[in-house]
Amino acid sequence: MDTGDELAHRAKFGEIAAAVAARRKDLTKIAADNAAFKAQKDEPNGKKTMRSYLWSLEKAAWEQANG
């Protein structure tokens, strides 16, 4: 049986995954995302893959929207 916390975590994961998938296909954001990714990837705490970079962006947006 799933607990409420686990169900909430699964819902959050699903929403972020859907947002990342949509963002990867959004032609209005691809060029800007590529440039921003390349600028941060060699930084000490930079994300090394585009997918992890987009996850970090969408997770931050989700957390801001959902407190």
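This is a predicted model: local features need pLDDT of at least 70, side-chain atom pairs count only at pLDDT 80 or more; totals for chains, interfaces and linings use all residues.
Residues are numbered from 1 along each chain as its sequence is written, and side-chain values use heavy atoms, with hydrogens and water left out.

The secondary structure of the chain consists of three helices and zero strands; helices (H or I, at least four residues) and strands (E, at least two) are DSSP runs, numbered from the N terminus. Read from the N terminus, the order of elements is α-α-α. The radius of gyration of the chain is 14 Å, well over the 11 Å that the globule rule gives for 67 residues, so the chain is more spread out than a compact globule. Here the radius is taken over C-alpha atoms, and the globule rule is 2.2 Å times the number of residues to the power 0.38. The C-alpha trace spans about 45 × 30 × 20 Å along its principal axes. Of the 67 residues, 16% count as buried, where buried means under 20% relative accessible area, exposed over 50%, and partly exposed in between (1.4 Å probe, protein chains only). A contact is defined by heavy atoms within 4.5 Å. Among contacts between residues at least 6 apart in sequence, 48% join residues at least 24 apart.

Helix H1 covers residues 4-25, and its 22 residues should span 32 Å at 1.5 Å a residue; the end C-alpha atoms are 32 Å apart, which agrees. The expected span is 1.5 Å times one less than the number of residues in the helix. Buried positions in H1 are Lys 12, Ile 16, Val 20 and Arg 23. Seen down the helix axis, the buried residues of H1 fall within an arc of 70°, so they line one face of the helix; the arc is that of the directions from the helix axis to the C-beta atoms. An α-helix has 3.6 residues a turn, so residues three or four places apart point the same way. Gly 4 and Lys 25, on the other side of H1, are exposed. The packing partners of the buried residues of H1 are helix H2 (30-40) and helix H3 (50-66).

In H2, the buried residues are Asp 33, Phe 37 and Gln 40. These residues cover an arc of only 75° around the axis, which puts them on the same side of H2. The face turned away from this buried side carries the exposed residues Ala 31, Ala 32, Lys 38 and Ala 39. Asp 33 has a relative accessible area of 7% and is therefore buried. Leaving out residues up to four places away in sequence, Asp 33 touches Arg 23, Met 50, Tyr 53, Leu 54 and Leu 57. Lys 38, by contrast, counts as exposed because its relative accessibility is 58%.

For H3, 17 residues at 1.5 Å a residue should span 24 Å, and the end C-alpha atoms are 24 Å apart, which agrees. Tyr 53, Leu 54 and Glu 58 are buried in H3. They cover an arc of only 120° around the axis, which puts them on the same side of H3. The cover over the buried residues of H3 includes H1 and H2. Just after H3, Gly 67 takes a positive phi of about 60°.

The largest nonpolar core has five residues, namely Ile 16, Val 20, Phe 37, Tyr 53 and Leu 54. H1 and H3 each supply at least two residues of this core. A nonpolar core is a set of buried Ala, Val, Leu, Ile, Met, Phe, Trp, Tyr and Cys residues joined through side-chain atoms within 4.5 Å.

A search of the whole structure finds two aromatic pairs. Phe 13 and Trp 55 form a tilted pair, 5.1 Å centre to centre with 35° between the planes. Rings of Phe, Tyr and Trp (its six-membered ring) pair if their centres lie within 6.5 Å; planes under 30 degrees apart count as stacked, over 60 as edge-to-face and the rest as tilted. Phe 13 lies in helix H1 and Trp 55 in helix H3, so this pair ties together parts that are 42 residues apart in sequence. Phe 37 and Tyr 53 form a tilted pair, at 5.9 Å centre to centre and 55° between the planes.
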